[in-house]
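Please open the model in a viewer and keep the selection panel at hand.

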Amino acid sequence: MSRVALVTGGSRGIGAAISQALKAAGHTVAATYAGNDEAAAKFTEETGIKTYKWNVADYDSSKAGIAQVEADLGPIEIVVANAGITRDAPFHKMTPEQWHQVIDTNLTGVFNTIHPIWPGMRERKFGRIVVISSINGQKGQFAQVNYAATKAGDLGIVKSLAQEGARAGITANAICPGYIGTDMVMAVPEKVRESIIAQIPAGRLGEPEEIARCVTFLTADDAGFINGSTISANGAQFFV
Ligand code: CAA
């Protein structure tokens, strides 16, 4: 069945692949972005997917943006909380600002995205929620105390939401991508990146489409009994 899907951070990187996969699965997709107008316009031109600009770290902006998407496209039945940032630094150098930026966007941003959509999903007795966590939320990572905390927090969010939504036909699941060939990973210093790739048994970075595949699986109408789970897609780098 065709549904309305919202993908935060949906015009670049993993999010762009998710938006396109959901469109290919027959859904009407709204992709949000925070700042890069040029990339968003190009994405819409190339894919026909509508983009909306708001800061997921701000509750009121998220609520207003979601209301606009629903006015334009109809009630949101699939939500993919994907927007995220890194502010990497060894802990002794990490500033309170770096801590708060990452917490506000990656963790509070997930609350801000799902909370305004949740009452409608409960009323309509259907919802598919996917949160994009990370391998580094499972294993921790040097220089990512802030990021790892948010990505571990995502797992707590979906396990709790799964229990609250189960009787209302709502599922909430997490995906933990490993290292994927996006701008975020390419921003890691080359020498560090090479040492990371050397730790991946697959011998390569993942592709954004390999994460999108997990999303179309979890958001299908007949995925209703998969709830509160975590899919790891990391080329065998880490097992929970
Ligand atoms: N394990 C152990 N030691 C490490 C290390 C690691 N993974 N990485 C760096 N170090 C060491 C360095 O060798 C160096 O040691 P010395 O002082 O003895 O030389 C020290 O830690 C780093 O000190 P610097 O003062 O040079 O550090 P810096 O302030 O310049 O910060 C950095 C550098 C930010 C840590 C940089 O190395 C970096 O970006 N590392 C990558 C972190 C990472 O993996 N981020 C993941 C991004 S991708 C992502 O997040 C997506 C996802 O979900 C998977």
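Contact here means heavy atoms within 4.5 Å, and helices (H or I, at least four residues) and strands (E, at least two) are DSSP runs, numbered from the N terminus. This is a predicted model, in which local features need pLDDT of at least 70 and side-chain atom pairs count only at pLDDT 80 or more, while totals for chains, interfaces and linings use all residues. Residues are numbered from 1 along each chain as its sequence is written, and side-chain values use heavy atoms, with hydrogens and water left out.

First, select Q98, W99, V102, I103, N106, L107, V110 and I114 in α4; these meet residues of α7 including V145, Y147, T150, I157 and L161. The axes of α4 and α7 are 8 Å apart, at an angle of about 20°; the two helices are therefore roughly parallel (angles under 35 degrees).

Next, select L6, I76 and I129. Of the 27 residues in the largest nonpolar core, these three touch the most other members. Such a core is a set of buried Ala, Val, Leu, Ile, Met, Phe, Trp, Tyr and Cys residues joined through side-chain atoms within 4.5 Å, where buried means under 20% relative accessible area (1.4 Å probe, protein chains only). Elements that each supply at least two of its residues include β1 (4-7), β4 (76-81) and α7 (145-165). The largest share, 4 residues, comes from β6.

Then centre on I76. Leaving aside neighbours within four places in sequence, I76 is in contact with V4, L6, I66, V69, E70, I117, M121 and R124.

Finally, select L22, V29, F43 and I132, which are among the 23 residues of a second, separate core.

Technical notes: Buried means under 20% relative accessible area, exposed over 50%, partly exposed in between (1.4 Å probe, protein chains only). Axes are lines fitted to C-alpha atoms, for helices over the stretch in contact, and angles run from 0 to 180 degrees between N-to-C directions. Angles under 35 degrees count as roughly parallel, over 145 as roughly antiparallel, 65 to 115 as roughly perpendicular and the rest as oblique.
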